[in-house]
Amino acid sequence: MTDDRLISLLKQANIFLDQYEREALRGSEITPAQSHMLNYLLKFPEQTYSATDIRLDTGVSKAAISSSLKGLKQKGYITIRQVPEDERKKEILLTPKALDIRRRVDEHMRRRRECLCRGISREELETMEDGLEKIVDNMKQEHIRRNSYDTNTDGTD
């Protein structure tokens, strides 16, 4: 497979996944990004989260996390409160409304998984996951490399 073909397939998969999410959530009050965030938070509903924790765990950008959390807060799915020990930090807590729709979110994720993985063996899925994790790690390392200050340069070149 060529690099161009791999990139093309990744982009197509992303586009179709976005379309699937929008269609599946049509008529719902939450967006696909908010659904994804809510699913993440519902995995451990008794836990308190911070946006930094979520970013480090998921790799989602600060802006995307902030937008999703703002929407979920406005719709009554989460509350956000200051951490008494550190005024810079905020805790994200699920509301009873979020816990009430847990079954619907789980069902949505189950149907999406079935759609995505139809006809793919467990071994193939594990191989794809390993490959995609390596791609993500490579891209993270490239991002760090491109955005880090080169300490060997004195700025005169």
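1. Thr-95 is buried, with a relative accessible area of 11%. Buried means under 20% relative accessible area, exposed over 50%, and partly exposed in between (1.4 Å probe, protein chains only). Thr-95 sits in the loop between strand 2 (86-94) and helix 5 (96-100). Helices (H or I, at least four residues) and strands (E, at least two) are DSSP runs, numbered from the N terminus. Leaving out residues up to four places away in sequence, Thr-95 touches Gly-76, Tyr-77, Ile-78 and Thr-79. Contact here means heavy atoms within 4.5 Å.

2. A word on the basis. This is a predicted model: local features need pLDDT of at least 70, side-chain atom pairs count only at pLDDT 80 or more, and totals for chains, interfaces and linings use all residues. Residues are numbered from 1 along each chain as its sequence is written, and side-chain values use heavy atoms, with hydrogens and water left out.

3. Now the strands. Strand 1 (residues 78-83) pairs with strand 2 in the antiparallel sense, over six bridges. Two strands pair if DSSP finds at least two bridges between them. A hairpin of two residues joins strand 1 to strand 2. Ile-80 has Ile-92 of strand 2 as its bridge partner.

4. Next, the core. The largest nonpolar core has 19 residues, and Leu-38, Leu-41 and Ile-54 have the most contacts inside it. Such a core is a set of buried Ala, Val, Leu, Ile, Met, Phe, Trp, Tyr and Cys residues joined through side-chain atoms within 4.5 Å. Helix 2 (32-42), helix 4 (62-74), strand 2 and helix 6 (102-117) each supply at least two residues of this core. Helix 2 gives the most, with five residues. Leu-41 touches Tyr-49, Ile-54, Leu-69, Ile-78, Ile-92 and Leu-94, not counting residues up to four places away in sequence.

5. How do helix 2 and helix 4 meet, and at what angle do their axes cross? The axes come within 9 Å and cross at roughly 85°. Axes are lines fitted to C-alpha atoms, for helices over the stretch in contact, and angles run from 0 to 180 degrees between N-to-C directions. Helix 2 and helix 4 are therefore roughly perpendicular to each other; that label covers 65 to 115 degrees, with under 35 roughly parallel, over 145 roughly antiparallel and the rest oblique. Residues making the contact include Met-37, Leu-38 and Leu-41 of helix 2 and Ile-65, Leu-69 and Leu-72 of helix 4.
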